[in-house]
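Biologist: Please take a close look at one part of this model, the ligand site and the residues beside it. I would like a connected account of that part.

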Amino acid sequence: MDNRLFFPATQRNKNSIEGVLSKIIKKNGSILEIGSGSGEHGVVFQKRFPEIIWQTSDPNLLHRKSISSWIEYEQLNMKMPQPLELDVENIPWQIPLKIANSLQGIVAINMIHVARWTCTIMLFREAGNLLKEGQFLILYGPFKIANKYTSQSNYLFDKSLKMQNELWGIRNIEEVDEEAKRYGFLQEKIFNMPVNNFSIIYKKVSF
Ligand SMILES: C[S@@+](CC[C@H](N)C(=O)[O-])C[C@H]1O[C@@H](n2cnc3c(N)ncnc32)[C@H](O)[C@@H]1O
């Protein structure tokens, strides 16, 4: 059965995110994607970086079904593992040993603003447990800087998020950085991305 979902924003941002990943990713090991959604990113990145294993995950069953369908549609079954059922708040995360032992980094795209704040905290906490010094956690999405929206469209987007769920919302970059630090990550670089988004690269440092 074809359970593929199509997320318009994902189709629009996949090339620019791929550009950032190509600067960061090493040609071996695995990457864990949190909140993979439809799976459209996962299959594009797996094809773009064939030397690595792209491990998708999502707590939503319909999304995991879509990811599996995308893997099959793109004939990546032999290369790409099936999506993990992973909710960042259910700790400790259950990651197959093969992935955990070869992990080079973790990626979460457009995820932390559609989940409550404790999800951001748990994301850094568990990523901090899984990753070693020098490895990365990449966040992509809209952020506020010094508690200010970076555009009128982000202000309106934040309002629409909060109407869906009052605990959702565009996060303040300084508060995310604070949480990152608590779990051993330093912000290494920020890329300005199209339509007022950012890619933030955090690196695990030793305490
Ligand atoms: C806006 S979608 C983005 C999907 C995909 N990353 C993309 O950019 O197309 C947000 C995703 O985060 C997932 N998500 C929400 N809460 C989560 C949680 N607590 N742990 C992990 N993923 C979560 C949702 O199921 C959804 O797939």
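Modeller: Arginine 64 counts as buried because its relative accessibility is 14%, where buried means under 20% relative accessible area, with a 1.4 Å probe and protein chains only. This arginine belongs to helix H3, residues 61–73; a helix here is a DSSP run of H or I with at least four residues, numbered from the N terminus. A polar atom of the arginine 64 side chain lies 3.0 Å from the backbone oxygen of aspartate 58.

The model is predicted, so local features need pLDDT of at least 70 and side-chain atom pairs count only at pLDDT 80 or more, while totals for chains, interfaces and linings use all residues. Residues are numbered from 1 along each chain as its sequence is written, and side-chain values use heavy atoms, with hydrogens and water left out.

Asp58 is also among the closest of the 19 residues that surround the ligand, together with Thr10, Gly35, His63 and Ile109; a residue is near a molecule if one of its heavy atoms lies within 4 Å of it. By class, this shell holds nine nonpolar, eight polar and two charged residues, with Asp, Glu, Lys and Arg counted as charged, Ala, Val, Leu, Ile, Met, Phe, Trp, Tyr, Cys and Pro as nonpolar, and the others, Gly among them, as polar.

An N or O atom in the side chain of threonine 10 is 2.6 Å from a ligand oxygen atom. A ligand nitrogen atom lies 2.7 Å from a backbone N or O atom of glycine 35, and a nitrogen atom of the ligand is 2.8 Å from a polar backbone atom of isoleucine 109.

Terms used:
Polar contact = N/O pair within 3.5 Å; in protein donor to acceptor, adjacent residues only side chain to side chain. Helix = DSSP H or I, 4+ residues; strand = E, 2+ residues; numbered from the N terminus. Buried < 20%, exposed > 50% of the residue type's maximum accessible area, 1.4 Å probe, protein only.
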